[in-house]
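Me: I have a structure open and want to go through it with you. Can we take it piece by piece?

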Amino acid sequence: MKAQHYTGLIDRYRSVLPLAPDCKVISLCEGDTPLIQCHNIQQLNEKNIKLYLKFEGLNPTGSFKDRGMTVAVTQAVSEGSQAIICASTGNTSASAAAYAARAGIKAFVLIPDGKIAMGKLAQAMMHGAIILQIRGNFDDGMRLVKEVASEAPVNIVNSINPYRLQGQKTASYEIVESLGRAPDFHCIPVGNAGNISAHWTGYSELAASSGKNVTEACGFCNGDCQFVSEPQIALRPKMLGYQAAGAAPFIKGSMIDKPDTVATAIRIGHPQSWDFAHAAVRESGGWFNSFTDDEILATQKLLASTEGVFCEPASATSVTGALHDVKVGNIPEGSSVVCTLTGHGLKDPDIAIKQSTAEMITIDAELESVKRAILDSI
Ligand code: F0G
């Protein structure tokens, strides 16, 4: 039997990525994340909704950012860059730090002072990034990064870097490959709005090759996926972009100067991919909506306790929106839905422990006490 060793998304999707054929690939075997179907949420079962969780928290640094970072850093290195820079609510900084370490170059990360989850900070520190904590929010950091990049020899690896979105579009390819078609709805948390834009690019590219199967279209998979010939629009999902209520410029219809939410990953008021995200939602016939912190945290807990999937608060926004839209009928019975879970729950243990009601019983270290605790709880 021929061994099949997965070597990351650049090797897999090279034919649809704008990289030079001879570039040195900087990869941590990102991508190829699982699409987990929910089985235990009653509301979905009653309405015959197939809801799949695209668990991007299982990327090497625990978030979807790795998809974009492998392509952005590979390109930066092939251009001879010695340093990358980003503003971040945490995950981009963790990913940039890891890929810079892998490439042997420097990473500078600007993070909002005191407003990033502990796990993410630990990652940036361990990977040896130079961390600049700014007295300001993500949007201030983004402005500074853009300004400094024109005056210092650093490559920006935020999602305004087009290579980032190219890498992130591969999630749509994986979903279509896995399901054999696009879902009816794709639900995604929106912060800086790069990811919703990247997904729409991926689905649109696949739709443009309608009538061919995926292998013929892109030459990347081994031919057993069905990519059926349907009218183009049927091959693209409606894109549903969900935000936290305290950081919802797409709902307000204009930028917000003081965004605030417990979902610190999407605590963003001035999204950079504003027009692109609007186009994705409009062209797909989708919509934006927002949800309170309490609703988002309740969904995070629901997923962890009923489906066994632990995502970070921002990620739970996608499922919060999906469940709401199923309930009110915006997502009709019998639909197939993919929700992106953008980051792993372990990124933000503080929030998880704070809201957890799990019972902790302290007992003596003896058999009788353990037995009594079990029998009392069954
Ligand atoms: N979910 C998580 C866990 C994120 O970290 C982010 C963005 C998003 C959703 C939103 O994605 O910005 O493409 O709309 N995090 C960035 C960061 C801003 O710096 O880590 P988006």
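This is a predicted model: local features need pLDDT of at least 70, side-chain atom pairs count only at pLDDT 80 or more; totals for chains, interfaces and linings use all residues.

Me: Where does R267 lie?

Reply: In a loop. R267 is between α11 (249-252) and α12 (274-284).

Me: Why does R267 count as buried?

Reply: Buried means under 20% relative accessible area. R267 has 13%, so it counts as buried.

Me: What does the side chain of R267 join in a polar contact?

Reply: The side chain of D260. The polar contact between R267 and D260 is 3.3 Å.

Me: Switching to the ligand. How many residues surround it?

Reply: 20 residues surround the ligand. The closest are K65, T89, N192, A193 and T342.

Me: Which helices each supply at least two residues of the shell?

Reply: α4 (91-103) and α9 (194-208) each do that.

Me: OK, atoms now. What lies 2.8 Å from a nitrogen atom of the ligand?

Reply: An N or O atom in the side chain of K65.

Me: And which polar backbone atoms are 2.8 Å from an oxygen atom of the ligand?

Reply: One belongs to T89. Another belongs to T92. The protein covers 99% of the 480 Å² of accessible area that the ligand has on its own.

Me: What about the space the ligand takes?

Reply: That space is the largest cavity.

Me: Back to helix α9. Is A208 buried or exposed?

Reply: Exposed. A208 lies in helix α9, and its relative accessible area is 59%. The cut-off for exposed is over 50%, so A208 passes.

Me: How far apart are the C-alpha atoms of A208 and L235?

Reply: They are separated by 9.1 Å. Along the chain, A208 and L235 are 27 residues apart.

Me: Now A149. Where is its place?

Reply: In helix α6, residues 138-149. A149 is partly exposed, with a relative accessible area of 23%.

Me: What separates A149 and F185, in sequence and in space?

Reply: 36 residues in sequence. In space, A149 and F185 are 37 Å apart, C-alpha to C-alpha.

Me: And S305, which helix is that in?

Reply: Helix α13, residues 293-307. S305 is exposed at a relative accessible area of 56%.

Me: What is the C-alpha separation of S305 and F291?

Reply: 20 Å, with S305 and F291 14 residues apart along the chain.

Me: Last topic, backbone angles. What is the phi of D32?

Reply: Positive, about 55°, although D32 is not a glycine. D32 is found in the loop between α1 (9-13) and β1 (35-37).

Me: What is the phi of N48?

Reply: N48 has a positive phi of about 55°, and N48 is not a glycine either. N48 lies in the loop between α2 (42-46) and β2 (50-55).

Me: Why does N48 count as exposed, and D32 as partly exposed?

Reply: Exposed means over 50% relative accessible area, and buried means under 20%. N48 has 52%, so it counts as exposed. D32 has 42%, which falls in between, so it counts as partly exposed.

Terms used: Residues are numbered from 1 along each chain as its sequence is written. Side-chain values use heavy atoms; hydrogens and water are left out. A residue is near a molecule or strand if one of its heavy atoms lies within 4 Å of it. A polar contact is a pair of N or O atoms within 3.5 Å; within protein, one must be able to donate a hydrogen and the other to accept it, and residues adjacent in sequence count only if both atoms are side-chain atoms. Accessible areas come from the Shrake-Rupley method with a 1.4 Å probe; for residues, only the protein chains shown count as cover. On a 1 Å grid over the protein atoms alone, a cavity is a set of points where a 1.4 Å probe fits but cannot get out, and a pocket is an open set with protein on both sides within 12 Å along at least five of seven lines; lining residues have an atom within 4 Å of a point. A molecule sits in a cavity or pocket if more than half of its atoms lie within 2 Å of its grid points. Helices (H or I, at least four residues) and strands (E, at least two) are DSSP runs, numbered from the N terminus. Buried means under 20% relative accessible area, exposed over 50%, partly exposed in between (1.4 Å probe, protein chains only).
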